[in-house]
Amino acid sequence: MFKKILIANRGEIAVRIIRACKELDIKTVAVYSEADEHSLYTALADECYSIGEAPASKSYLNYEKILKIAEKAGVDAIHPGYGFLSENSKFAEECDNRNIEFIGPPIRAIELMGSKINAKKTMKKAGVPVLPGREEPIEDEQEAIKIAKEIGYPVIIKASAGGGGIGMSVANDESELVDTIQSTKSIAQSAFGDSTIFIEKYLEKPRHIEIQILADKHGNVIHLGDRECSIQRRHQKVIEEAPSPIMTPELREKMGEAAKIAAKCIDYYSAGTVEFLYNAGEFYFLEMNTRVQVEHPITEIITGVDIVKEQIKIAYGNKLPYEQKDITFNGHAIECRINAEDSVNDFIPSPGKIKHYRSPGGPGVRLDSGVYGGAEIPPYYDSMVAKLITFGKNREEAIVRMRRALSEYMVFGIISNIPFHKSVLEEQDFLDGNLSTHYIVEHEKVLHDKTLDYAVEIAYEEKRFIEKVFRDDKKTVALVGGLSAYITTLKNKDKKQYCPKENE
Ligand code: MV4
(Lines give C-alpha, C1' and ligand atoms only; values in the text may rest on other atoms or scores of the structure.)
Protein backbone atom coordinates (compact mmCIF):
# COMPACT_ATOMS: atom_id res chain seq x y z
CA MET A 1 0.00 0.00 0.00
CA PHE A 2 1.01 3.66 -0.33
CA LYS A 3 3.13 4.84 2.59
CA LYS A 4 2.31 8.52 2.47
CA ILE A 5 -0.42 10.57 0.78
CA LEU A 6 -0.70 14.32 0.30
CA ILE A 7 -4.19 15.76 0.53
CA ALA A 8 -4.57 18.65 -1.90
CA ASN A 9 -7.70 19.99 -0.24
CA ARG A 10 -9.09 21.48 2.96
CA GLY A 11 -12.07 21.33 5.32
CA GLU A 12 -14.27 18.32 5.92
CA ILE A 13 -13.10 16.37 2.85
CA ALA A 14 -9.47 16.66 3.98
CA VAL A 15 -10.58 15.26 7.35
CA ARG A 16 -12.49 12.47 5.57
CA ILE A 17 -9.42 11.48 3.51
CA ILE A 18 -7.15 11.58 6.58
CA ARG A 19 -9.56 9.20 8.34
CA ALA A 20 -9.42 6.75 5.43
CA CYS A 21 -5.60 6.95 5.41
CA LYS A 22 -5.39 6.29 9.14
CA GLU A 23 -7.50 3.17 8.78
CA LEU A 24 -5.23 2.03 5.95
CA ASP A 25 -2.09 2.85 7.96
CA ILE A 26 -0.97 5.50 5.49
CA LYS A 27 0.84 8.67 6.65
CA THR A 28 -0.86 11.94 5.71
CA VAL A 29 0.47 15.28 4.53
CA ALA A 30 -1.80 18.31 4.74
CA VAL A 31 -1.27 21.56 2.87
CA TYR A 32 -2.88 24.74 4.15
CA SER A 33 -3.34 28.35 3.19
CA GLU A 34 -2.77 31.19 5.62
CA ALA A 35 -6.47 31.04 6.49
CA ASP A 36 -6.43 27.35 7.42
CA GLU A 37 -3.40 26.96 9.66
CA HIS A 38 -5.54 26.16 12.71
CA SER A 39 -8.08 24.03 10.93
CA LEU A 40 -9.31 20.61 12.07
CA TYR A 41 -7.64 18.78 9.19
CA THR A 42 -4.23 20.32 9.86
CA ALA A 43 -4.53 19.13 13.46
CA LEU A 44 -5.30 15.57 12.35
CA ALA A 45 -2.65 15.19 9.62
CA ASP A 46 0.79 13.73 10.34
CA GLU A 47 2.61 16.57 8.56
CA CYS A 48 1.51 20.04 7.49
CA TYR A 49 2.95 22.49 4.98
CA SER A 50 1.97 26.07 4.32
CA ILE A 51 1.19 26.75 0.65
CA GLY A 52 0.56 30.47 0.64
CA GLU A 53 -2.00 33.18 0.85
CA ALA A 54 -5.68 32.58 1.53
CA PRO A 55 -7.21 33.01 -1.96
CA ALA A 56 -7.52 29.57 -3.59
CA SER A 57 -5.70 30.78 -6.70
CA LYS A 58 -2.64 31.39 -4.53
CA SER A 59 -2.90 28.17 -2.49
CA TYR A 60 -5.18 25.21 -3.20
CA LEU A 61 -5.10 25.80 -6.96
CA ASN A 62 -1.37 26.47 -7.08
CA TYR A 63 -0.32 23.01 -8.14
CA GLU A 64 3.34 23.81 -8.84
CA LYS A 65 3.71 24.62 -5.17
CA ILE A 66 1.69 21.62 -4.04
CA LEU A 67 3.75 19.30 -6.23
CA LYS A 68 6.98 20.74 -4.86
CA ILE A 69 5.80 19.94 -1.33
CA ALA A 70 4.70 16.48 -2.46
CA GLU A 71 8.24 15.80 -3.68
CA LYS A 72 9.85 17.31 -0.59
CA ALA A 73 7.63 15.30 1.76
CA GLY A 74 8.21 12.15 -0.28
CA VAL A 75 4.61 11.13 -0.87
CA ASP A 76 3.57 8.26 -3.16
CA ALA A 77 0.20 9.73 -4.05
CA ILE A 78 -2.02 12.82 -3.97
CA HIS A 79 -5.71 12.81 -3.14
CA PRO A 80 -7.40 15.89 -4.63
CA GLY A 81 -10.79 15.56 -2.84
CA TYR A 82 -13.55 17.48 -4.63
CA GLY A 83 -13.43 20.93 -6.21
CA PHE A 84 -10.04 22.68 -6.55
CA LEU A 85 -7.72 20.40 -8.61
CA SER A 86 -9.87 17.28 -8.56
CA GLU A 87 -11.02 17.51 -12.18
CA ASN A 88 -7.98 19.26 -13.57
CA SER A 89 -6.45 16.90 -16.13
CA LYS A 90 -3.31 19.05 -16.35
CA PHE A 91 -2.71 18.50 -12.63
CA ALA A 92 -3.26 14.74 -12.99
CA GLU A 93 -0.71 14.79 -15.81
CA GLU A 94 1.82 16.73 -13.71
CA CYS A 95 1.44 14.15 -10.93
CA ASP A 96 2.09 11.43 -13.48
CA ASN A 97 5.22 13.23 -14.75
CA ARG A 98 6.62 13.19 -11.24
CA ASN A 99 5.74 9.55 -10.61
CA ILE A 100 3.20 10.52 -8.02
CA GLU A 101 -0.09 8.62 -8.22
CA PHE A 102 -3.10 10.88 -8.77
CA ILE A 103 -5.90 9.30 -6.72
CA GLY A 104 -8.59 9.57 -9.34
CA PRO A 105 -9.49 8.41 -12.84
CA PRO A 106 -7.35 8.25 -16.02
CA ILE A 107 -6.41 11.66 -17.44
CA ARG A 108 -8.26 10.84 -20.67
CA ALA A 109 -11.53 10.25 -18.76
CA ILE A 110 -11.27 13.61 -16.96
CA GLU A 111 -10.70 15.37 -20.29
CA LEU A 112 -13.48 13.57 -22.10
CA MET A 113 -16.10 14.17 -19.37
CA GLY A 114 -15.04 17.83 -19.14
CA SER A 115 -16.54 18.34 -22.57
CA LYS A 116 -20.30 17.92 -22.20
CA ILE A 117 -20.83 17.43 -25.91
CA ASN A 118 -18.14 14.75 -26.22
CA ALA A 119 -19.39 13.08 -23.06
CA LYS A 120 -22.92 12.94 -24.47
CA LYS A 121 -21.72 11.71 -27.87
CA THR A 122 -19.65 8.96 -26.25
CA MET A 123 -22.51 7.85 -24.01
CA LYS A 124 -25.06 7.80 -26.82
CA LYS A 125 -22.73 5.65 -28.93
CA ALA A 126 -22.33 3.23 -26.02
CA GLY A 127 -26.10 2.91 -25.60
CA VAL A 128 -26.58 5.05 -22.47
CA PRO A 129 -29.88 6.97 -22.78
CA VAL A 130 -29.41 10.67 -23.57
CA LEU A 131 -31.88 13.48 -24.15
CA PRO A 132 -33.13 14.02 -27.72
CA GLY A 133 -31.02 16.62 -29.50
CA ARG A 134 -27.88 16.77 -31.54
CA GLU A 135 -24.42 15.77 -30.35
CA GLU A 136 -22.66 18.21 -32.68
CA PRO A 137 -21.83 21.87 -32.03
CA ILE A 138 -24.44 24.32 -33.33
CA GLU A 139 -22.85 25.95 -36.36
CA ASP A 140 -25.76 27.80 -37.89
CA GLU A 141 -29.11 28.94 -36.62
CA GLN A 142 -31.18 27.37 -39.40
CA GLU A 143 -29.84 23.97 -38.42
CA ALA A 144 -30.78 24.58 -34.78
CA ILE A 145 -34.28 25.72 -35.75
CA LYS A 146 -34.72 22.52 -37.73
CA ILE A 147 -33.59 20.31 -34.81
CA ALA A 148 -35.80 22.22 -32.37
CA LYS A 149 -38.79 21.55 -34.65
CA GLU A 150 -37.96 17.85 -34.65
CA ILE A 151 -37.54 17.44 -30.89
CA GLY A 152 -40.17 20.02 -29.93
CA TYR A 153 -40.01 23.03 -27.61
CA PRO A 154 -38.87 23.85 -25.03
CA VAL A 155 -35.24 23.24 -25.92
CA ILE A 156 -32.09 24.10 -24.01
CA ILE A 157 -28.84 25.50 -25.37
CA LYS A 158 -25.81 24.41 -23.36
CA ALA A 159 -22.16 25.36 -23.38
CA SER A 160 -20.07 22.25 -23.94
CA ALA A 161 -17.47 23.48 -21.46
CA GLY A 162 -20.21 24.49 -19.00
CA GLY A 163 -20.78 23.39 -15.47
CA GLY A 164 -22.47 24.55 -12.33
CA GLY A 165 -25.36 25.84 -14.37
CA ILE A 166 -23.34 28.55 -16.12
CA GLY A 167 -23.83 28.78 -19.85
CA MET A 168 -27.22 27.24 -20.40
CA SER A 169 -30.44 28.82 -21.50
CA VAL A 170 -33.95 27.66 -22.40
CA ALA A 171 -35.88 28.60 -25.54
CA ASN A 172 -39.65 28.14 -25.41
CA ASP A 173 -40.33 28.82 -29.07
CA GLU A 174 -38.65 29.67 -32.35
CA SER A 175 -38.73 33.40 -31.65
CA GLU A 176 -36.56 32.89 -28.56
CA LEU A 177 -34.17 30.41 -30.12
CA VAL A 178 -31.94 32.69 -32.20
CA ASP A 179 -31.31 35.08 -29.30
CA THR A 180 -30.70 32.17 -26.94
CA ILE A 181 -28.10 30.69 -29.28
CA GLN A 182 -26.23 33.97 -29.61
CA SER A 183 -26.26 34.85 -25.92
CA THR A 184 -25.26 31.36 -24.75
CA LYS A 185 -22.43 31.30 -27.29
CA SER A 186 -21.02 34.59 -26.08
CA ILE A 187 -21.38 33.61 -22.40
CA ALA A 188 -19.62 30.31 -23.18
CA GLN A 189 -16.78 32.18 -24.87
CA SER A 190 -16.28 34.66 -22.05
CA ALA A 191 -16.77 32.20 -19.15
CA PHE A 192 -14.89 29.18 -20.53
CA GLY A 193 -12.92 30.48 -23.51
CA ASP A 194 -14.80 27.94 -25.60
CA SER A 195 -17.90 28.97 -27.55
CA THR A 196 -18.97 25.41 -28.40
CA ILE A 197 -22.70 25.02 -27.73
CA PHE A 198 -25.25 22.27 -28.37
CA ILE A 199 -29.00 21.83 -28.29
CA GLU A 200 -31.26 19.30 -26.60
CA LYS A 201 -34.81 18.80 -25.35
CA TYR A 202 -35.46 20.70 -22.11
CA LEU A 203 -37.10 18.84 -19.25
CA GLU A 204 -39.28 21.24 -17.28
CA LYS A 205 -39.26 19.61 -13.86
CA PRO A 206 -36.85 16.71 -13.68
CA ARG A 207 -35.33 14.98 -10.71
CA HIS A 208 -31.57 14.81 -10.39
CA ILE A 209 -30.69 11.19 -9.63
CA GLU A 210 -27.12 9.98 -9.75
CA ILE A 211 -25.40 6.61 -9.58
CA GLN A 212 -22.17 6.05 -7.66
CA ILE A 213 -19.74 3.75 -9.37
CA LEU A 214 -16.42 2.14 -8.43
CA ALA A 215 -14.07 0.75 -11.06
CA ASP A 216 -10.62 -0.77 -10.69
CA LYS A 217 -7.63 -0.81 -13.05
CA HIS A 218 -8.41 -4.40 -14.06
CA GLY A 219 -11.67 -3.73 -15.87
CA ASN A 220 -14.05 -4.45 -12.97
CA VAL A 221 -16.93 -1.99 -12.53
CA ILE A 222 -19.67 -2.00 -9.92
CA HIS A 223 -22.38 0.49 -9.04
CA LEU A 224 -23.32 1.42 -5.48
CA GLY A 225 -26.85 2.53 -6.20
CA ASP A 226 -28.53 5.87 -6.49
CA ARG A 227 -28.75 9.21 -4.73
CA GLU A 228 -31.56 11.72 -5.00
CA CYS A 229 -29.99 15.19 -5.30
CA SER A 230 -32.92 17.27 -6.49
CA ILE A 231 -32.94 19.64 -3.50
CA GLN A 232 -30.47 22.24 -4.65
CA ARG A 233 -30.20 26.00 -4.76
CA ARG A 234 -28.43 27.75 -7.62
CA HIS A 235 -26.79 24.47 -8.59
CA GLN A 236 -25.50 23.82 -5.08
CA LYS A 237 -26.95 20.69 -3.56
CA VAL A 238 -28.40 21.24 -0.11
CA ILE A 239 -29.99 17.91 0.93
CA GLU A 240 -29.29 14.52 -0.61
CA GLU A 241 -30.68 11.10 0.15
CA ALA A 242 -30.08 7.49 -0.71
CA PRO A 243 -32.01 5.80 -2.11
CA SER A 244 -34.22 8.19 -4.10
CA PRO A 245 -37.80 8.17 -2.76
CA ILE A 246 -38.96 6.99 -6.20
CA MET A 247 -36.42 4.19 -6.57
CA THR A 248 -37.49 0.62 -7.27
CA PRO A 249 -35.20 -2.40 -7.60
CA GLU A 250 -35.99 -2.50 -11.33
CA LEU A 251 -35.17 1.15 -11.96
CA ARG A 252 -31.99 0.90 -9.88
CA GLU A 253 -30.91 -2.11 -11.91
CA LYS A 254 -31.51 -0.21 -15.16
CA MET A 255 -29.80 3.01 -14.06
CA GLY A 256 -26.97 1.05 -12.43
CA GLU A 257 -26.33 -0.89 -15.63
CA ALA A 258 -26.39 2.33 -17.67
CA ALA A 259 -23.86 3.89 -15.27
CA LYS A 260 -21.60 0.84 -15.55
CA ILE A 261 -21.72 1.08 -19.36
CA ALA A 262 -20.84 4.78 -19.02
CA ALA A 263 -17.77 3.89 -16.94
CA LYS A 264 -16.70 1.00 -19.17
CA CYS A 265 -16.97 2.92 -22.43
CA ILE A 266 -14.33 5.39 -21.26
CA ASP A 267 -12.07 2.79 -19.55
CA TYR A 268 -12.79 4.47 -16.24
CA TYR A 269 -11.24 3.58 -12.93
CA SER A 270 -11.55 5.11 -9.41
CA ALA A 271 -14.78 6.38 -7.84
CA GLY A 272 -17.12 8.30 -10.10
CA THR A 273 -20.69 9.48 -10.39
CA VAL A 274 -22.98 9.30 -13.37
CA GLU A 275 -25.64 12.00 -13.18
CA PHE A 276 -29.04 11.49 -14.75
CA LEU A 277 -32.11 13.60 -15.20
CA TYR A 278 -35.22 11.59 -14.40
CA ASN A 279 -38.70 12.36 -15.65
CA ALA A 280 -41.87 10.27 -15.90
CA GLY A 281 -40.20 6.89 -15.60
CA GLU A 282 -37.39 7.72 -18.02
CA PHE A 283 -33.80 8.72 -17.26
CA TYR A 284 -31.16 10.45 -19.35
CA PHE A 285 -27.40 10.84 -18.98
CA LEU A 286 -26.50 14.38 -17.94
CA GLU A 287 -22.85 14.48 -16.87
CA MET A 288 -20.23 12.34 -15.24
CA ASN A 289 -18.32 13.59 -12.21
CA THR A 290 -14.83 12.16 -12.18
CA ARG A 291 -14.16 12.72 -8.48
CA VAL A 292 -15.33 11.72 -5.03
CA GLN A 293 -18.45 13.75 -4.27
CA VAL A 294 -19.59 15.70 -1.25
CA GLU A 295 -22.59 13.39 -0.80
CA HIS A 296 -20.66 10.08 -0.95
CA PRO A 297 -21.37 9.25 2.76
CA ILE A 298 -25.07 8.47 2.23
CA THR A 299 -24.03 5.76 -0.24
CA GLU A 300 -21.39 4.47 2.17
CA ILE A 301 -24.07 4.08 4.81
CA ILE A 302 -26.63 2.15 2.79
CA THR A 303 -24.03 -0.10 1.10
CA GLY A 304 -21.41 -0.47 3.86
CA VAL A 305 -18.66 0.34 1.33
CA ASP A 306 -15.97 2.86 2.31
CA ILE A 307 -15.72 4.78 -0.96
CA VAL A 308 -12.62 6.80 -0.04
CA LYS A 309 -10.68 3.74 1.11
CA GLU A 310 -11.67 1.88 -2.04
CA GLN A 311 -10.59 4.86 -4.14
CA ILE A 312 -7.13 4.76 -2.53
CA LYS A 313 -6.83 0.98 -2.95
CA ILE A 314 -7.89 1.23 -6.59
CA ALA A 315 -5.23 3.91 -7.23
CA TYR A 316 -2.64 1.56 -5.74
CA GLY A 317 -3.71 -1.11 -8.22
CA ASN A 318 -5.78 -3.40 -6.03
CA LYS A 319 -8.68 -5.34 -7.49
CA LEU A 320 -12.15 -4.42 -6.26
CA PRO A 321 -12.97 -6.67 -3.30
CA TYR A 322 -16.65 -6.68 -4.29
CA GLU A 323 -18.64 -7.99 -7.21
CA GLN A 324 -22.01 -6.47 -8.05
CA LYS A 325 -23.85 -9.32 -6.29
CA ASP A 326 -22.02 -8.47 -3.03
CA ILE A 327 -23.56 -4.99 -2.97
CA THR A 328 -26.85 -4.75 -1.10
CA PHE A 329 -28.85 -1.68 -0.14
CA ASN A 330 -29.95 -1.35 3.45
CA GLY A 331 -32.15 1.34 4.94
CA HIS A 332 -32.15 5.02 4.12
CA ALA A 333 -29.66 7.86 4.60
CA ILE A 334 -30.08 11.63 4.35
CA GLU A 335 -27.40 14.31 4.25
CA CYS A 336 -27.90 17.96 5.21
CA ARG A 337 -25.07 20.22 4.13
CA ILE A 338 -24.34 22.54 7.03
CA ASN A 339 -23.33 25.89 5.57
CA ALA A 340 -22.15 29.06 7.29
CA GLU A 341 -24.78 31.20 5.59
CA ASP A 342 -27.81 33.29 6.45
CA SER A 343 -30.84 31.49 5.01
CA VAL A 344 -33.23 34.35 5.76
CA ASN A 345 -30.97 36.96 4.20
CA ASP A 346 -30.60 35.66 0.64
CA PHE A 347 -28.24 32.91 1.85
CA ILE A 348 -25.29 35.27 2.15
CA PRO A 349 -22.16 33.64 3.56
CA SER A 350 -21.61 34.13 7.28
CA PRO A 351 -17.97 33.38 8.07
CA GLY A 352 -16.48 34.01 11.51
CA LYS A 353 -15.56 32.31 14.73
CA ILE A 354 -17.58 29.41 16.11
CA LYS A 355 -17.91 30.50 19.72
CA HIS A 356 -19.83 27.53 21.07
CA TYR A 357 -20.23 24.18 19.41
CA ARG A 358 -22.23 21.08 20.31
CA SER A 359 -22.27 18.20 17.85
CA PRO A 360 -25.18 15.78 17.55
CA GLY A 361 -24.78 12.05 18.08
CA GLY A 362 -26.65 8.94 19.08
CA PRO A 363 -28.27 6.23 16.96
CA GLY A 364 -28.18 6.71 13.20
CA VAL A 365 -26.06 9.87 13.16
CA ARG A 366 -22.83 10.54 11.27
CA LEU A 367 -21.18 13.93 11.27
CA ASP A 368 -18.47 14.69 8.70
CA SER A 369 -17.23 18.04 9.87
CA GLY A 370 -14.27 20.27 9.15
CA VAL A 371 -14.74 22.45 12.22
CA TYR A 372 -14.74 22.50 16.04
CA GLY A 373 -15.68 24.89 18.85
CA GLY A 374 -13.38 27.88 18.64
CA ALA A 375 -12.61 27.36 14.95
CA GLU A 376 -12.52 30.30 12.58
CA ILE A 377 -14.45 29.87 9.32
CA PRO A 378 -12.57 31.80 6.65
CA PRO A 379 -14.49 33.86 4.09
CA TYR A 380 -12.39 32.75 1.10
CA TYR A 381 -13.87 29.35 0.32
CA ASP A 382 -17.12 27.44 0.03
CA SER A 383 -19.46 28.05 2.97
CA MET A 384 -20.05 24.35 3.67
CA VAL A 385 -18.47 23.50 7.02
CA ALA A 386 -19.95 20.09 7.84
CA LYS A 387 -22.29 17.39 6.62
CA LEU A 388 -24.88 15.98 8.98
CA ILE A 389 -25.92 12.52 7.89
CA THR A 390 -28.62 10.41 9.48
CA PHE A 391 -29.82 6.94 8.66
CA GLY A 392 -32.53 4.55 9.64
CA LYS A 393 -34.31 1.40 8.54
CA ASN A 394 -36.49 3.52 6.26
CA ARG A 395 -36.93 7.12 5.08
CA GLU A 396 -39.27 8.03 7.94
CA GLU A 397 -36.75 6.96 10.57
CA ALA A 398 -33.93 8.81 8.80
CA ILE A 399 -36.09 11.96 8.74
CA VAL A 400 -37.06 11.71 12.43
CA ARG A 401 -33.40 11.26 13.32
CA MET A 402 -32.38 14.21 11.15
CA ARG A 403 -34.89 16.46 12.94
CA ARG A 404 -33.62 15.21 16.27
CA ALA A 405 -29.94 15.62 15.28
CA LEU A 406 -30.56 19.14 13.91
CA SER A 407 -32.13 20.07 17.24
CA GLU A 408 -29.04 18.84 19.10
CA TYR A 409 -26.62 20.60 16.77
CA MET A 410 -25.42 24.02 17.99
CA VAL A 411 -23.09 26.10 15.86
CA PHE A 412 -23.08 29.39 17.75
CA GLY A 413 -21.23 32.58 16.94
CA ILE A 414 -21.93 32.33 13.23
CA ILE A 415 -25.18 31.98 11.30
CA SER A 416 -25.74 28.52 9.86
CA ASN A 417 -28.42 27.07 7.60
CA ILE A 418 -29.64 24.70 10.34
CA PRO A 419 -32.98 26.60 10.59
CA PHE A 420 -33.42 26.18 6.83
CA HIS A 421 -32.89 22.42 7.10
CA LYS A 422 -35.38 22.24 9.95
CA SER A 423 -38.01 23.91 7.81
CA VAL A 424 -37.45 21.56 4.85
CA LEU A 425 -37.58 18.55 7.17
CA GLU A 426 -41.18 19.37 8.06
CA GLU A 427 -42.44 20.57 4.67
CA GLN A 428 -45.15 18.30 3.21
CA ASP A 429 -43.79 17.82 -0.33
CA PHE A 430 -40.42 16.89 1.14
CA LEU A 431 -42.08 14.44 3.52
CA ASP A 432 -44.01 12.94 0.60
CA GLY A 433 -40.79 12.62 -1.43
CA ASN A 434 -42.38 14.91 -3.98
CA LEU A 435 -39.19 16.52 -5.30
CA SER A 436 -37.73 18.16 -8.39
CA THR A 437 -34.79 20.42 -9.17
CA HIS A 438 -37.25 23.32 -8.68
CA TYR A 439 -38.13 22.28 -5.12
CA ILE A 440 -36.53 25.21 -3.25
CA VAL A 441 -37.73 27.89 -5.69
CA GLU A 442 -41.25 26.48 -5.62
CA HIS A 443 -41.34 26.40 -1.82
CA GLU A 444 -39.39 29.61 -1.28
CA LYS A 445 -42.10 31.48 0.62
CA VAL A 446 -43.12 28.74 3.06
CA LEU A 447 -39.50 27.73 3.67
CA HIS A 448 -38.44 31.34 4.25
CA ASP A 449 -41.18 31.91 6.83
CA LYS A 450 -40.52 28.69 8.71
CA THR A 451 -36.77 29.33 8.60
CA LEU A 452 -37.32 32.73 10.15
CA ASP A 453 -39.27 31.14 13.03
CA TYR A 454 -36.52 28.61 13.60
CA ALA A 455 -33.82 31.31 13.40
CA VAL A 456 -35.55 33.21 16.23
CA GLU A 457 -35.89 30.02 18.26
CA ILE A 458 -32.21 29.18 17.79
CA ALA A 459 -31.10 32.71 18.69
CA TYR A 460 -33.10 32.48 21.95
CA GLU A 461 -31.57 29.10 22.62
CA GLU A 462 -28.11 30.52 22.10
CA LYS A 463 -28.87 33.39 24.44
CA ARG A 464 -30.16 31.09 27.19
CA PHE A 465 -27.17 28.82 26.69
CA ILE A 466 -24.68 31.66 27.13
CA GLU A 467 -26.52 33.02 30.17
CA LYS A 468 -26.62 29.61 31.85
CA VAL A 469 -23.31 28.05 30.92
CA PHE A 470 -21.13 31.15 30.65
CA ARG A 471 -22.68 33.31 33.34
CA ASP A 472 -19.26 33.87 34.95
CA ASP A 473 -17.55 34.75 31.69
CA LYS A 474 -16.71 38.45 31.28
CA LYS A 475 -17.84 38.42 27.67
CA THR A 476 -21.34 37.17 28.48
CA VAL A 477 -22.98 40.57 28.80
CA ALA A 478 -21.72 41.67 25.39
CA LEU A 479 -22.71 38.39 23.75
CA VAL A 480 -26.21 38.43 25.20
CA GLY A 481 -26.62 42.07 24.17
CA GLY A 482 -25.60 41.24 20.60
CA LEU A 483 -28.01 38.33 20.46
CA SER A 484 -30.92 40.38 21.74
CA ALA A 485 -30.31 42.87 18.96
CA TYR A 486 -30.14 40.05 16.41
CA ILE A 487 -33.43 38.59 17.67
CA THR A 488 -35.04 42.01 17.29
CA THR A 489 -33.92 42.27 13.63
CA LEU A 490 -35.28 38.80 12.92
CA LYS A 491 -38.61 39.66 14.51
CA ASN A 492 -38.83 42.90 12.59
CA LYS A 493 -38.57 41.04 9.32
CA ASP A 494 -42.20 41.16 8.23
CA LYS A 495 -43.05 37.83 6.70
CA LYS A 496 -45.91 39.30 4.70
CA GLN A 497 -43.52 41.69 3.03
CA TYR A 498 -41.13 38.98 2.02
CA CYS A 499 -40.77 39.34 -1.70
CA PRO A 500 -38.85 36.58 -3.46
CA LYS A 501 -36.32 37.71 -6.04
CA GLU A 502 -36.51 36.47 -9.61
CA ASN A 503 -34.66 33.19 -9.59
CA GLU A 504 -32.19 32.67 -12.43
C1 MV4 B 1 -30.95 20.23 -18.05
C2 MV4 B 1 -32.15 20.47 -17.39
C3 MV4 B 1 -33.33 20.18 -18.06
N4 MV4 B 1 -33.28 19.71 -19.34
N5 MV4 B 1 -30.96 19.74 -19.32
C6 MV4 B 1 -28.13 22.05 -14.64
C7 MV4 B 1 -26.68 21.90 -14.43
C8 MV4 B 1 -26.16 21.44 -15.72
N9 MV4 B 1 -25.05 20.61 -15.53
C10 MV4 B 1 -27.31 20.73 -16.36
N11 MV4 B 1 -28.48 21.24 -15.73
C12 MV4 B 1 -29.71 20.98 -16.22
N13 MV4 B 1 -29.76 20.47 -17.48
C14 MV4 B 1 -32.10 19.49 -19.92
N15 MV4 B 1 -32.08 19.03 -21.17
C16 MV4 B 1 -32.12 20.96 -16.09
C17 MV4 B 1 -30.89 21.24 -15.50
C18 MV4 B 1 -30.95 21.75 -14.16
C19 MV4 B 1 -30.51 20.99 -13.07
C20 MV4 B 1 -29.97 19.72 -13.22
C21 MV4 B 1 -29.53 18.99 -12.14
C22 MV4 B 1 -29.63 19.53 -10.86
C23 MV4 B 1 -30.16 20.78 -10.69
C24 MV4 B 1 -30.60 21.53 -11.79
C25 MV4 B 1 -31.13 22.80 -11.58
C26 MV4 B 1 -31.54 23.53 -12.65
C27 MV4 B 1 -31.44 23.01 -13.94
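The structure under analysis is a predicted model. On that classification, the lining of the second largest pocket comprises 14 nonpolar, 3 polar and 2 charged residues. The volume of the second largest pocket is about 300 Å³. Its lining is made up of 19 residues, of which Ile414, Ile415, Glu462, Leu483 and Tyr486 are the closest to the pocket centre. Two or more lining residues are contributed by each of strand β23 (410-412) and helices α13 (418-424), α16 (444-469) and α17 (476-492).

The ligand is surrounded by 15 residues, the closest being Lys158, Glu200, Lys201, Leu203 and Glu287. Among these, Glu200 places a side-chain N or O atom 2.8 Å from a nitrogen atom of the ligand. Backbone atoms take part as well: a polar backbone atom of Lys201 is 2.7 Å from a ligand nitrogen, and a backbone N or O atom of Leu203 is 3.0 Å from a nitrogen atom of the ligand.

Two of the residues closest to the ligand, Lys158 and Glu200, also pair with each other, their side chains forming a salt bridge with an N to O distance of 2.8 Å. Because Lys158 belongs to strand β7 (residues 155-163) and Glu200 to strand β9 (residues 197-201), this pair ties together parts that are 42 residues apart in sequence. Buried means under 20% relative accessible area. Lys158, with a relative accessible area of 14%, is therefore buried, and Glu200, at 4% relative accessibility, likewise counts as buried.

In total, the structure holds 43 salt bridges. One of them joins Glu310 and Lys313, with N and O atoms 3.1 Å apart. Both residues are located in helix α11 (residues 307-316), where a separation of 3 residues corresponds to about one turn of the helix. Glu310 is buried, its relative accessible area being 5%. A further salt bridge is found between Glu94 and Arg98, whose closest N and O atoms are 2.8 Å apart.

Most residues other than glycine have a negative phi, and most peptide bonds are trans. Against this background, the peptide bond that joins Tyr153 and Pro154 is cis, with omega about -5 degrees. Pro154 is situated in the loop between α7 (141-151) and β7, and β7 is the strand that contains Lys158. A cis peptide bond also connects Ala242 to Pro243, with omega near -5 degrees. Pro243 occupies the loop between β12 (236-242) and α9 (249-264).

Positive phi values occur at Asp25 and His235, although neither is a glycine. For Asp25, phi is about 60 degrees. This residue is placed in the loop between α1 (11-23) and β2 (27-33), and its relative accessible area of 66% makes Asp25 exposed. For His235, phi is about 70 degrees. His235 is part of the loop between β11 (221-233) and β12, and counts as partly exposed at 37% relative accessibility.

Another histidine, His356, is located in strand β19 (residues 356-358). With a relative accessible area of 11%, His356 is buried. The C-alpha atom of His356 is separated by 47 Å from that of Asn220, the two residues being 136 residues apart along the chain.

How values were computed: Residues numbered from 1 in each chain as written. Predicted model: local features only at pLDDT ≥ 70, side-chain atom pairs only at ≥ 80, totals over all residues. Heavy atoms only, no water. 1 Å grid on protein atoms, 1.4 Å probe; cavity = no way out; pocket = protein on both sides within 12 Å on 5 of 7 lines; lining within 4 Å. Points joined across faces, edges and corners; volume = space filled by probe spheres on them. Helix = DSSP H or I, 4+ residues; strand = E, 2+ residues; numbered from the N terminus. Nonpolar A, V, L, I, M, F, W, Y, C, P; charged D, E, K, R; others polar. Salt bridge = Lys/Arg side-chain N within 4 Å of Asp/Glu carboxyl O. Buried < 20%, exposed > 50% of the residue type's maximum accessible area, 1.4 Å probe, protein only. Near = heavy atom within 4 Å. Polar contact = N/O pair within 3.5 Å; in protein donor to acceptor, adjacent residues only side chain to side chain.
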